[in-house]
Amino acid sequence: MDGNPVFPRPPLRSWLCSLSDELGALIDDATDGSKAAIKQRDAKVVEVRDALRATSSYVRVMCNGDAVKLSTSGFPLRKVPTPVTVVEVPKNLVAKRTSCSGEVKLRWGRTLGARMFRVERSEVDPASGQAVWTSIGFISHQHFYAKELTPTPRIGSA
């Protein structure tokens, strides 16, 4: 970030340089060294991690989401953002009965790009081709209690 106008006064710059030197020396000491040397190295790793986290927060604030500015920071982007163009139907739907008559707990898997889910039901079996779907809820999480359902008798019961 030296000389970069996007980052005029990076905090902790001199501290990061000294931390880097200290960590290098502690790594050398800890290699085939004593338990005390390993503990010192591990403590320094935590200190370096905290300093890097603070510096990366400064970079994020200064760049305000601008990928071009971020690319000049020395911190590589972990993932290039791509828009989600199609949101799939949730997979792995599981329905479990609850202790309340006429109620079922529904759960489903994660769906890339989904922020809200519309839960629907049909009075007839969808496989019949005669299903008419009715919305029964809009939620932002991956589980839902469907209530006020009409229980059907079990096959083979009197």
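1. Aspartate 42 is partly exposed at 36% relative accessibility, a class that lies between buried (under 20% relative accessible area) and exposed (over 50%), computed with a 1.4 Å probe and protein chains only. Its side chain meets that of arginine 41 in a salt bridge of 2.8 Å, N to O, where a salt bridge is a side-chain nitrogen of Lys or Arg within 4 Å of a carboxyl oxygen of Asp or Glu. Arginine 41 is itself partly exposed, at 25%.

2. The basis of these values should be kept in mind: this is a predicted model, in which local features need pLDDT of at least 70 and side-chain atom pairs count only at pLDDT 80 or more, while totals for chains, interfaces and linings use all residues. Residues are numbered from 1 along each chain as its sequence is written, and side-chain values use heavy atoms, with hydrogens and water left out.

3. By the salt-bridge rule the count comes to six. Among them, glutamate 120 and arginine 118 meet through their side chains at 3.0 Å, N to O; glutamate 120 is partly exposed at 33%, whereas arginine 118 is exposed at 53%. Glutamate 123 forms a salt bridge with arginine 121, with the closest N and O atoms 3.5 Å apart; here glutamate 123 is exposed, at 64%, and arginine 121 is partly exposed, at 26%. Salt bridges also link Glu22, Lys44 and Glu47 in a network.

4. Which residues make up the largest nonpolar core? This core, a set of buried Ala, Val, Leu, Ile, Met, Phe, Trp, Tyr and Cys residues joined through side-chain atoms within 4.5 Å, has eight residues, namely Leu106, Trp108, Ala114, Phe117, Val119, Ile139, Phe144 and Ala146. At least two of its residues come from each of β3 (117-122) and β5 (143-146), the strands being DSSP runs of E of at least two residues, numbered from the N terminus. Leaving aside neighbours within four places in sequence, valine 119 has contacts (heavy atoms within 4.5 Å) that include Leu106, Trp108, Ile139 and Phe144, as well as Thr134 and Ser135.

5. Val84, Val87 and Leu112 make a nonpolar surface patch of about 280 Å². Patch residues have over 30% relative accessible area and no salt bridge, with like charges joined within 9 Å and nonpolar side chains (Val, Leu, Ile, Met, Phe, Trp, Tyr) within 5 Å; the areas come from the Shrake-Rupley method. Valine 84 is partly exposed at 42% and is found in the loop between α3 (67-71) and β1 (94-97).

Notes: Areas by Shrake-Rupley, 256 points an atom, 1.4 Å probe, with all protein chains shown as cover. Helix = DSSP H or I, 4+ residues; strand = E, 2+ residues; numbered from the N terminus.
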